[in-house]
Amino acid sequence: MYPEYDDQATNALGGKLFTALFMASLLLVGFFASSAAYAERIKDLATIQGVRSNELIGYGLVVGLNGTGDSSNSSPYTISSINAMLERFGINVRSKIATMKPKNIAAVMITATLPPFARPGQKLDVTVSSMGDSKSLRGGTLLLTPLLAGNNQVYAVAQGALSVGGFTAGGNAASKTVGHPTVGRIPNGANIERAAPTGMRSGQDKVTLQLNNPDFSTIKRMRDAINANFGADMARTVDAGTIEVWNPEADAIELIARLEQIELTTDHRAVVVMDERTGTIVMGQEVRIDTVAVAHGSISVTVTESPQVSQPNAFAGGETTTVDRTDVQIEEEAAQLVVLPRQVSLSTLVTALNAVGATPSDLIAVLQAIKAAGALHAELRVI
C-alpha cells in the first residue's frame with residue numbers, strides 16, 4: 001500500500017516552489033543584465049592609432065538661385081570668382097565687371113570629411129555654406145569644386161544640386177524665414193580622387209590603442225581585459241590614454257577585430273557641467289557632497305524714470321522744463337536655510353538640491369558656492 005497524499009496541498013506546494021524559483025531566476029537575470037549593461041566594448045572606448053579621418057575644404061560658386069544670391073556691393077569676391085570662371089571658358093568680361101549684378105550666384109565654402117581607408121571612386125557627402133550676403137541657397141547647383149586637405153593637396157571634387165531644408169518667402173516690406181536656408185548638403189556630392197593617408201599597416205608588429213577619455217583606472221582595466229582574453233601579456237600601458245598590443249601573428253586586421261569586441265567597465269572622474277547661457281546642468285553619477293546648509297534668495301532692483309513737465313505760474317517769469325522723477329524699488333525673496341545631507345546617490349543629491357527651490361540659473365550659483373566651501377567632490381566645468 002502506498003501512502004495517500006493530498007493532491008490539492010501537493011499542487012499548492014509545487015506552485016509556491018515554482019513561483020519562488022521563477023522569481024529567483026528573474027533576479028539572477030536582472031543581476032546579470034545590470035552587470036552587462038555597465039560593460040562597454042573597446043570599440044566604443046578607444047581608437048586605433050593611425051586610423052583617423054581628414055577634413056576637406058573648398059571654395060566654389062552656387063548658380064541657379066532665384067534672385068537670392070550675393071550682391072555685388074557687399075560681396076566683391078563673388079564677382080571676381082565669376083570673372084575667373086568665365087575666363088577658363090574663354091569669355092572675357094573684365095570691361096563689364098563693374099556693371100555685373102549676379103543675383104542668381106552665391107560664393108560658398110564646401111566642407112567634407114574624408115574617412116579612413118577611403119579609395120578613389122568612392123562618394124562623400126558635402127556641406128555647402130554661404131559666405132556672402134546670399135539670402136538662400138535653395139534650388140542652387142554647386143559648380144565643380146576641388147576639395148583640399150590640410151596639406152593643400154586635392155583629395156576630392158564636389159558638384160551637384162543642393163538640398164536645403166529651409167526657405168525664405170516675402171518681399172521688401174516683410175519676409176519670413178523657415179529653417180536655415182543659407183546652408184545645404186549634397187548627398188554623395190563629391191568623388192574621391194586620391195586615397196586617404198593612413199598610418200596603419202597590415203603586417204605591423206604591434207597595434208596602439210588610444211582612449212577617447214584618458215583615465216588611469218580605465219586604462220588598467222583595459223590592459224587586464226586584453227591580457228585575460230588573449231591569455232598572455234600582450235598588452236602594455238604607455239600612459240593614461242595609450243596601450244600597446246603586440247601582434248605575434250602579424251595580422252593587424254584579425255587582432256583589431258578581436259580587440260574591439262572585448263568588454264570592460266569604465267571609470268571616470270566626477271564632473272558637473274554647467275552652461276550659464278542656457279541654464280543647463282549635467283551631473284555624473286559619481287558626484288557627491290558633504291553635509292552643508294544652503295540659503296538662496298534673489299535680489300532684484302527696479303529703477304523707473306518718468307519725465308514730468310514743470311510749468312511755472314503765468315506771472316512767475318520762469319521757463320517750462322522737464323524734470324525726471326526716479327522711483328527705485330528693491331525686492332529680496334525670502335529664503336530658508338536648507339540642510340543638504342551627505343549624499344550617497346545621484347537621485348538623492350538631485351532631490352536635496354531641488355529642495356533649495358532655485359531655478360537652474362540660480363542652482364549654478366548654489367553649486368559654485370558649495371564647491372567654494374569644499375563640500376562638492378566633483379570637478380566644475382563651465383561651458
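Tutor: We will go through these features in turn, bearing in mind that this is a predicted model.

Student: How many salt bridges does a search of the whole structure find?

Tutor: One looks for a side-chain nitrogen of Lys or Arg within 4 Å of a carboxyl oxygen of Asp or Glu. Here the search finds nine salt bridges. In one of them, Arg 185 pairs with Asp 125, with the closest N and O atoms 3.6 Å apart, and this pair links distant parts of the chain, since Arg 185 lies in strand β10 and Asp 125 in strand β5, 60 residues apart. Arg 185 is partly exposed at 40% relative accessibility, and Asp 125 is partly exposed at 37%.

Student: What separates Asp 224 and Lys 220 in helix α4?

Tutor: Asp 224 and Lys 220 are separated by about one helical turn, because they are four residues apart in helix α4 (residues 216-230). Their side chains meet in a salt bridge of 3.0 Å, N to O.

Student: Are Asp 275 and Arg 277 buried or exposed?

Tutor: Buried means under 20% relative accessible area and exposed means over 50%, so Asp 275, at 11%, counts as buried, whereas Arg 277, at 70%, counts as exposed. These two residues form a salt bridge, with the closest N and O atoms 3.3 Å apart. Elsewhere, salt bridges that share partners join Lys 206, Arg 236 and Glu 244 into one network.

Student: Which strands stand at the edges of the open sheet of three strands?

Tutor: The order here is β16-β15-β23, with mixed pairing. β16 (280-283) and β23 stand at the edges, each with a single partner strand, so one side of each has no neighbour in the sheet. Strand β15 (residues 271-275) and β23 run parallel and are joined by four bridges, and Met 274 has Val 382 of β23 as its bridge partner.

Student: Where is Asn 152 placed, and what is its phi?

Tutor: Asn 152 is in the loop between β6 (141-148) and β7 (154-161), and its phi is near 65°, a positive value in a residue other than glycine. Asn 188 also has a positive phi, of about 55°, but is found in strand β10 (residues 183-192).

Terms used. Residues are numbered from 1 along each chain as its sequence is written. This is a predicted model: local features need pLDDT of at least 70, side-chain atom pairs count only at pLDDT 80 or more; totals for chains, interfaces and linings use all residues. Side-chain values use heavy atoms; hydrogens and water are left out. Helices (H or I, at least four residues) and strands (E, at least two) are DSSP runs, numbered from the N terminus. Two strands pair if DSSP finds at least two bridges between them. Buried means under 20% relative accessible area, exposed over 50%, partly exposed in between (1.4 Å probe, protein chains only).
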